[in-house]
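This report describes selected helix and strand features of the structure shown below.

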Amino acid sequence: MRVLVALIVALVATSARADAPAPPEAPPPAEGAPLHEDKEFGPVILIEAIDSTGNTATQTEIIRRALPIQPGDILHASDRRLREVRFKVLALGYFRDVTLAMHKGDARGQVVIEVHVVERGTFVLNRLWFGTNPLTPYWVGTDVGDRNLLGLGIALAGGFIY
């Protein structure tokens, strides 16, 4: 008897749900439709300033020249130029690590970009030579250089033989 009552209640409940109007469905998103004409998304931000920290030997101007963004640029938070900043500065060859951080600016929608770098040694030993010949019993030579002379981004190298 209880089974029969439970079966009748279940049938009545499903028929009541079938009579109720279905909620309107949202239209499906178009396949491959871009989120923006530049295929970027996220909030629009204004770069108020760019600060570089961690550079003790390398001049700040060298870092700023390598950046694909400048203060005053207006872009989306997902802009590819923001993703490329780290790699552009690493490509200089003067830094072991580069990290990027965004801080709040003075007004809504403005950000301060902080580029933190960890410098590496740029003094290099290119070659060593050892040998003998009929004129001198032993000779030694070396080729050394600096890839970031005095933090100016100038490479200077020289070789010596004794």
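## Strand pairing and helix packing

In strand E7, Gly158 is the bridge partner of Val144. The model is a predicted one. E7 (residues 156-161) pairs with strand E6 (residues 139-146) in the antiparallel sense, over 6 bridges. Of the 6 residues of E7, 0 are buried, so this strand lies largely in the open.

A further antiparallel pair is formed by E3 and E4, which are joined by 9 bridges. Within E4, Glu114 is the bridge partner of Ala101. The hairpin of E3 and E4 has 5 residues between the strands, and Gly109 takes a positive phi near 85° there.

The two pairs are set out below.

| Strand pair | Sense | Bridges | Bridge partners |
|---|---|---|---|
| E6 and E7 | antiparallel | 6 bridges | Val144 and Gly158 |
| E3 and E4 | antiparallel | 9 bridges | Ala101 and Glu114 |

Helix H3 spans residues 80-90, and its residues Leu82, Val85 and Val89 are buried. These three cover an arc of only 25° around the axis, which puts them on the same side of H3. An α-helix has 3.6 residues a turn, so residues three or four places apart point the same way. Arg83 and Phe87, on the other side of H3, are exposed.

Against which elements do the buried residues of H3 pack? They pack against strands E1 (44-53), E2 (74-76), E3 (95-104) and E4 (110-119), and against helix H2 (60-66). At the start of H3, a side-chain oxygen of Asp79 lies within 2.8 Å of the backbone nitrogen of Arg81.

Key
Residues are numbered from 1 along each chain as its sequence is written. This is a predicted model: local features need pLDDT of at least 70, side-chain atom pairs count only at pLDDT 80 or more; totals for chains, interfaces and linings use all residues. Side-chain values use heavy atoms; hydrogens and water are left out. Buried means under 20% relative accessible area, exposed over 50%, partly exposed in between (1.4 Å probe, protein chains only). Helices (H or I, at least four residues) and strands (E, at least two) are DSSP runs, numbered from the N terminus. The arc is that of the directions from the helix axis to the C-beta atoms. Contact means heavy atoms within 4.5 Å. A polar contact is a pair of N or O atoms within 3.5 Å; within protein, one must be able to donate a hydrogen and the other to accept it, and residues adjacent in sequence count only if both atoms are side-chain atoms. Two strands pair if DSSP finds at least two bridges between them.
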